[in-house]
Amino acid sequence: MTTTHEWRPDILGAPFEQLTLPLGRDAEGEVVATLVRYSPPPRLHLHRGPAADADVLYVHGWSDYFFQTELARFWHDQGARFHALDLRKYGRSLREGQTPGFVDDLAIYDEDIAAALDAMGHGEDARGRRRLILVGHSTGGLTLSLWADRHPGRAQALILNSPWLEFQARSAGRAALTPLVDLRARIDPKATMPNVDLGFYTRTVSRTLDGEWDYDLAWRPVRGFRVHPAWLTAVLAGHARVAAGLHIDAPVLTLLSARSTLLPYWTPDMLKSDVVLVVRDIAERALGLAPTVTVSWVQDALHDVFLSAPPVRCAAYAAVERWMRGYLSGS
């Protein structure tokens with residue numbers, strides 16, 4: 001497989017570009033991550049946005065990849081340089097013969113994030129760098145929360161979009177499930193577990209169904225990737241760390257839908273709620289991430305609040321901008 005150290009045109013078209021980040025090899029072959037940047041022509045900004053002199057790194061969720069062009073434009077309008085990372089074995093980074101989305105420890109993604117930050121000019125030894133804003137969705141929000149806790153002083157803000165901070169059956173269910181999943185992971189790490197995704201979330205998002213968004217259904221399948229015991233063990237371990245309390249040294253904004261609809265059958269309510277997470281449980285866990293945490297409830301939002309209906313995501317963007325003006329101005 002050929003990799004490159006040069007930026008080249010991205011699948012989203014101009015002005016998006018991508019950079020392949022080589023990460024060595026594992027049991028399934030060559031491993032890469034892919035950094036995407038939004039690089040429109042320079043223009044005169046009459047007003048200084050709250051994210052001026054900042055770089056944004058966005059990390060997607062489970063069974064996902066970056067395709068949210070509107071999100072990139074929002075951050076550009078706030079004055080930031082926007083980057084998104086397709087983690088190893090996701091989206092642009094998925095290679096033939098690899099198990100989609102598979103890792104057995106979320107800390108493995110430290111390598112992906114380090115390579116991305118180096119390419120952005122935010123390596124550990126960087127001096128006089130721009131401010132760094134981390135933005136994570138769902139499992140990406142969990143991954144970035146754990147990363148920020150392990151790497152104090154690196155980011156100036158953490159913005160979480162429906163982060164998967166707790167198992168849907170709460171801590172009691174997680175405690176009961178973890179030993180069983182651990183045992184299965186030791187016996188057969190990549191065994192196929194029952195698929196509990198009924199495709200309702202895709203129905204709310206994809207233009208082919210009831211949503212408005214076009215994306216690659218091979219990289220973001222209707223019923224998600226197959227779940228494997230070793231991967232689920234890694235996620236449950238992450239949930240346990242969050243439940244014990246983190247100490248992120250940057251202000252945290254958590255955006256959540258105002259309600260959840262988790263049912264085994266379709267209902268129109270799913271078009272205006274989170275069909276993946278129990279949002280009240282996520283809000284409780286978010287409060288334990290850092291000394292300064294804001295939880296913003298977004299009425300009628302989907303699991304990815306920035307894929308909701310236009311008026312809803314407009315409200316979400318407004319909430320982010322207000323928060324930045326309070327917590328980032330002058331930082």
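Which helix or strand gives the largest share of the lining of the largest pocket? Helix H5 does, with four residues.

These views show a predicted model, where local features need pLDDT of at least 70, side-chain atom pairs count only at pLDDT 80 or more, and totals for chains, interfaces and linings use all residues. Numbering runs from 1 along each chain as its sequence is written, and side-chain values use heavy atoms, leaving out hydrogens and water.

**View A. The largest pocket holds about 1,000 Å³ of space.** Of its 40 lining residues, Trp62, Gln168, Val196, Asp197 and Val276 are the closest to its centre. A pocket here is an open set of points on a 1 Å grid over the protein atoms alone, with protein on both sides within 12 Å along at least five of seven lines; a cavity is a set where a 1.4 Å probe fits but cannot get out, and lining residues have an atom within 4 Å of a point. Volume is the space filled by probe spheres set on the points, which are joined across faces, edges and corners. Helices (H or I, at least four residues) and strands (E, at least two) are DSSP runs numbered from the N terminus. Helix H5 (200-205) and helix H6 (229-244) each supply at least two lining residues.

**View B. The largest cavity has a volume of about 40 Å³.** Among the residues lining this cavity are His60, Trp62, Tyr109 and Trp231. Helix H3 (residues 139-150) gives the most, three residues.

**View C. His122 sits in the loop between helix H2 (109-120) and strand E6 (131-137).**
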